[in-house]
Amino acid sequence: QLRIGHFDLGSLKVIGSGGAIFSPSLKQALLEHLPSIMIADGFGASETGAQGATFMAAGHTAVAGGFTMDQHTFVVDETQGRRIASGDATIGWLARSGHIPLGYLGDEAKTRHTYPTIDGVRCAIPGDRAHLNGDGTIRVLGRESGCINSGGEKIFAEEVEQALKRHPAVYDVLVTGTPSERWGEQITAVVALRPGVTVSDEELRDTAAAELARYKLPRAFVFVETVRRAPTGKPDYAWAKDVATRALS
């Protein structure tokens, strides 16, 4: 709308999101039209509460997934046995201590799994994969439940989605795994295009290839009128998987 119309937005100072992460390309586009605003991505989960945020203003380059977290948030290793030190490139689990819930009502097994004790401290580990950057920020890669195992490689859906959203024809996209005889699962993108535009599969792959390794690129695309999300903006991956599987079967 900012590209095609004029609006009096002089009083607008901050745009924030807590339900779905803004893509780097969206942040850049907003700041081109509104250079005086601040963009804020909040991060947290039902099992942890608010944990951190990332902020961006004009003159800075948007980076996906790098959050400044609170003092209670850290990353633990694959076995959930120790904290990962700053600068360690190991991919682990995002965790939080401090004031956290007692557990899930009536579900002791899920409570034990999500709220383990590490080094004598009770923690919440909702299921997000992450690694600790050298500057102390944490890059959130995505939920383990949304991870696609293709040919023995783990690919996080959000990373592929962020890369595809850089193409100007893409209005929204969700990435999921669909059955493949060769790969076990293949990366499939469910894409909603902007009105009146078309784009080829190869154009979308080329856009994503500018920042992703080739094994992370979608092998199939399914085009829809609208990508389904919750009112908060959270993605409906079950819907995306069902739509993609039926379209490709």
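# Close-up views of a predicted model

Figure 1. Being 4 residues apart in helix H2 (residues 108-114), glutamate 108 and arginine 112 are separated by about one helical turn. Helices here are DSSP runs of H or I with at least four residues, strands are runs of E with at least two, and both are numbered from the N terminus. The structure is a predicted model, in which local features need pLDDT of at least 70 and side-chain atom pairs count only at pLDDT 80 or more, whereas totals for chains, interfaces and linings use all residues. Residues are numbered from 1 along each chain as its sequence is written, and side-chain values use heavy atoms, with hydrogens and water left out. An α-helix has 3.6 residues a turn, so residues three or four places apart point the same way. The closest N and O atoms of glutamate 108 and arginine 112 are 4.0 Å apart, and the two residues form a salt bridge (a side-chain nitrogen of Lys or Arg within 4 Å of a carboxyl oxygen of Asp or Glu). Both partners, glutamate 108 and arginine 112, are exposed. By relative accessible area, exposed means over 50%, buried means under 20%, and partly exposed lies in between (1.4 Å probe, protein chains only).

Figure 2. The structure holds 15 salt bridges. Side chains of opposite charge can pair when their charged atoms come close. Arginine 229 is partly exposed, with a relative accessible area of 26%. Elsewhere, salt bridges that share partners join Glu78, Arg129, Glu144 and Lys154 into one network.

Figure 3. Helix H5 (residues 237-248) has 12 residues. From its first C-alpha to its last, H5 reaches 16 Å, close to the 16 Å expected at 1.5 Å a residue; the expected span is 1.5 Å times one less than the number of residues. Which residues of H5 are buried? They are Trp239, Ala240, Val243 and Ala244. These residues cover an arc of only 120° around the axis, which puts them on the same side of H5; the arc is that of the directions from the helix axis to the C-beta atoms. The buried residues of H5 pack against strand S13 (170-180), strand S14 (184-193) and strand S15 (220-224), where contact means heavy atoms within 4.5 Å. On the face turned away from the buried side, H5 carries the exposed residues Ala238 and Arg246.

**Figure 4. The N-terminal end of H5.** Aspartate 236 caps this end of the helix, with a side-chain oxygen 3.4 Å from the backbone nitrogen of alanine 238. A polar contact is a pair of N or O atoms within 3.5 Å; within protein, one must be able to donate a hydrogen and the other to accept it, and residues adjacent in sequence count only if both atoms are side-chain atoms.

**Figure 5. Two loop residues with positive phi.** Most residues other than glycine have a negative phi. Glutamine 80, in the loop between strand S5 (73-76) and strand S6 (92-96), has a positive phi near 60°. Aspartate 119 is not a glycine, yet its phi is positive at about 55°. Its place is in the loop between strand S7 (117-118) and strand S8 (121-122), and at 62% relative accessibility aspartate 119 counts as exposed.

**Figure 6. Surroundings of isoleucine 15.** Isoleucine 15 is found in strand S1 (residues 14-17) and is buried, with a relative accessible area of 19%. Not counting residues up to four places away in sequence, isoleucine 15 touches Phe22, Leu30, Leu34, Ile37, Met38, Ile39 and Ala40.

**Figure 7. Helix H3.** Helix H3 (residues 157-164) is mostly covered, as 7 of its 8 residues are buried. Among the buried residues of H3 are Ala157, Val160 and Leu164.
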